[in-house]
Amino acid sequence: MKIHEYQARDLLAAFGIPVPKGRMIDNVDQAREAYKQAVAGMKTPMAVVKAQVHAGGRGKAGFVKLVKVDQDAEDSARFMFTNRMKSPQTPPEGLEVKKLLVAQAADIADRKGGGKEEFYLAITTDRKTRRNTLIASREGGVEIEAIAHDRPEAIIKAALNPLTGLEPFVAREVAFKLGFVGKQVSQAVAIMLNLSKLFIEKDCTLAEINPLIITPPTENFPDGQVMAIDAKFDFDDNATFRHKDIDAMFDPTEENPAEIKARKFGLSYIALEGNIGCLVNGAGLAMATMDTIKLSGGQPANFLDVGGSASEQAVTEAFGIILSDKSVKGVMVNIFGGIMKCDIIAQGVINAARNYKNADGSTGFKVPLVVRLEGTNVDAGRKLLEDAKKDIPTMQAATDLGDAARKVVAAVGK
Amino acid sequence: MAILVDSTTRVICQGITGAFGAQHTKGCLNYGSRLVGGVTPGKGGHKDENGLPIFDTVAQAVAATGATATMIFVPPAGAADAILEAAAAGLKLVCCITEGVPVQDMVRVRAQLDAINSFSDIGGFRVCNWDKVVLVGPNCPGVITPGPKTGGGTSSTDTYTNAGCKIGIMPGYINTHISQSKLGKAVGIVSRSGTLTYEAVWQTSSLGLGQSSCVGIGGDPIRGVNHIDVLRKFQDDPDTHGILLIGEIGGSDEEDAAEFIKRYVTKPVAAFIAGRTAPPGRRMGHAGAIIDASGAGTADGKVKALAAAGCAISDSPAEMGKAMMKAMKL
């Protein structure tokens, strides 16, 4: 589960990690006030207005604006609230922006030898070592994947203790390797330790600060202040049950509505680009079914794991979700009847297809439907499917996975 | 011979009074597994519907029944604790069926199990020996060592076999014991996915092969035994004649398995990897099935590595059994 930048800033602040002053606004009328609060006390007032959407590419789309007076803040806010943000990461029609972050544009100290004092700092779980791992680099502010690819030596990795978290001596080593000096060191160490605490306590799968910066020297911070400018979090969906606060940050408008609906019914559904809907029991088999469709020359429209039971109710809900995608021209059902017997599953699929309520109010499945069952009582299940053809003329039974994929691809191609 | 479990394995169920735990306790009993009791804290002293004794703690269950293995159906919030309780009580095999265990819980569990078990260097890999306690899962179907069919499998008095052991949720009857296989050969199956395992069992059985054991290692990013651990056991098991490995997108376990096969495994191996069509950055049902933003963990990379290690690759999930036959030159 992802959260917005303004929420990430709040979370960092709650764990004692300094962030520039700022606040979220959801109305253009709040822009001037938010700007004034953000720049209060600055010698050269400057703030940044940023659209709060999960998709990247905001800057290029004009949805991150540097502003120097309150009128500019209001104009930028108006632009972002009234236009849809379009980037390579958004749907073609763009995204409606409902929230903005207005924050102080922090001054970044110059780095000796050129550039700015920008760093990268993140924690994630390394599957290979089975450890939570701190990842840091002196080259912040850019895509870490690019650095990892081009100059892997510029990336520092340090494992967290699996039972106690990040040890201070490890954080100090990293701080020195990153080139922090003087009073910056203890600030950087505190940020790393707090980020480790946050990562573990809140069950993150990713906690990323990019960039982490050093400000020019001030009275209170003679060596500059170390602070987080932007942050990205991803949380373990399996752990939201013990984090009501994180769960409350969930923004349903950022998700595909069909995927949210599916989750309510205990179905795992992911919308894809193709036109052949899939309904499968088991995640691995669901992926394999998509692969088979592709191998047979078709394009899967979705991933859908209906769960172990594949009950009539679950199949009915799944049909509704799959067909809510208007590009779906055919559906393939692939169920391995293990614990649940094939004749029971077949009857469930038949009933769900027969009673399916179309958007136009009519009843009965209209698009091609290919059903492949295997497992206990498979012959009885196939007979039920054959007998039901008179009620559901678009339905075909398949003998195996390959046969099913070929049949559905052929039916959709017609 | 087989791996991990056999007909003498005495099994308990943690979470035996939950709906799922109760259903599969019955399923395992009907198959012929030696289920000897269960654990539900607060319900000690009672019996379940099959007449099995229920205990408050795993330690009590072990003391009273002599169990050496457990299957865990405890809900996600308590699953990690249940694994550690089982390990502390001295159980040798822990199968955690529970789906949805938080990753951080598994980081802590693995660290504690890794502190108990010893490690060896095998072919350049630091491999856990799982000598004190073996963890399978979480989010897995379990382990089965099929026995010859001797009955209907309809009840605990009409069991499917009297010489097999099923710990978990997989259908037992699709498995074939080597003595009842047409070809007189048995394969070992290791898989990250449940239903794909059943598919593989079904296909190999249909083609006349038997199975020595099948292990579902689970779909989570941090888990107990991995492909490498199970490959090592199958390689060392004289009754396993071929190995079928089923992987999926995400992580680098299959790439590691490919390296391991090159250096250690001499038996024929067939492989299938699910998720060739999965888009990067989307988690495909399993918590561990995700291609990360840098493009690591793709199906194509895994397939290439396994092919280079000499595995017979099944491009389609419908051809897993055939690929196994090809690898075994049958």
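Author: R192(B) lies in the loop between β11 (186-191) and α5 of chain B. The model is a predicted one, in which local features need pLDDT of at least 70, side-chain atom pairs count only at pLDDT 80 or more, and totals for chains, interfaces and linings use all residues, while side-chain values use heavy atoms, with hydrogens and water left out. Residues are numbered from 1 along each chain as its sequence is written, and chains are lettered from A and ligands numbered from 1 in the order in which they are written.

Reader: Why does R192(B) count as buried?

Author: Buried means under 20% relative accessible area, exposed means over 50%, and partly exposed lies in between (1.4 Å probe, protein chains only). R192(B) has 1% relative accessibility and therefore counts as buried.

Reader: Which backbone oxygen lies 3.0 Å from a polar atom of the side chain of R192(B)?

Author: That backbone oxygen belongs to I249(B). The side chain of R192(B) also reaches the backbone oxygen of G250(B), at 3.2 Å. A polar contact is a pair of N or O atoms within 3.5 Å; within protein, one must be able to donate a hydrogen and the other to accept it, and residues adjacent in sequence count only if both atoms are side-chain atoms.

Reader: What makes the pair R223(B) and D253(B) a salt bridge?

Author: The term requires a side-chain nitrogen of Lys or Arg within 4 Å of a carboxyl oxygen of Asp or Glu. The side chains of R223(B) and D253(B) meet at 2.4 Å, N to O. R223(B) sits in the loop between β12 (210-216) and α6 (227-236) of chain B, and D253(B) in helix α7 (residues 253-264) of chain B, so the pair ties together parts that are 30 residues apart in sequence.

Reader: Are R223(B) and D253(B) buried or exposed?

Author: R223(B) has 2% relative accessibility and so counts as buried. D253(B) is buried too, because its relative accessible area is 13%.

Reader: What is known of the span and the packing of α7(B)?

Author: The expected span of a helix is 1.5 Å times one less than its number of residues. α7(B) has twelve residues and reaches 16 Å from its first C-alpha to its last, close to the expected 16 Å. Its buried residues are D253(B), E254(B), D256(B), A257(B), A258(B), F260(B) and I261(B). They pack against several elements of chain B, among them β6 (119-122), β7 (125-128) and β13 (242-248).

Reader: How many salt bridges does the structure hold, and which residue pairs with E5(A)?

Author: The structure holds 42 salt bridges over all chains. E5(A) forms one with R58(A), the closest N and O atoms being 2.9 Å apart. This pair links distant parts of the chain: E5(A) is in helix α1 (residues 5-14) of chain A and R58(A) in the loop between β2 (47-51) and β3 (64-67) of chain A, 53 residues apart. Both E5(A) and R58(A) are buried.

Reader: What makes α1(A) largely enclosed by the rest of the structure?

Author: Seven of the ten residues of α1(A) are buried, and it is therefore largely enclosed. Those residues are E5(A), Y6(A), Q7(A), A8(A), R9(A), L11(A) and L12(A). Just after α1(A), G16(A) takes a positive phi of about 75°.

Reader: Where do E74(A) and R78(A) lie?

Author: Both lie in helix α3 (residues 70-82) of chain A, four residues apart, about one turn of the helix. E74(A) and R78(A) form a salt bridge whose closest N and O atoms are 2.9 Å apart. E74(A) is buried because its relative accessible area is 16%, whereas R78(A), at 37%, is partly exposed.

Reader: How much area is buried between chain B and chain A?

Author: Buried area is the accessible area (1.4 Å probe) that two parts lose on being put together, summed over both. Between chain B and chain A the area is about 4100 Å², of which carbon and sulfur atoms give 60%. Q104(B), T277(B) and M284(B) supply 15% of the area that chain B buries against chain A, more than any other three residues. With contact meaning heavy atoms within 4.5 Å, 59 residues from chain B and 47 from chain A take part.

Reader: How many salt bridges does the rule find across the interface of chain B and chain A?

Author: The rule finds six. K128(A) forms a salt bridge with D256(B), the closest N and O atoms being 2.9 Å apart.

Notes
Helices (H or I, at least four residues) and strands (E, at least two) are DSSP runs, numbered from the N terminus.
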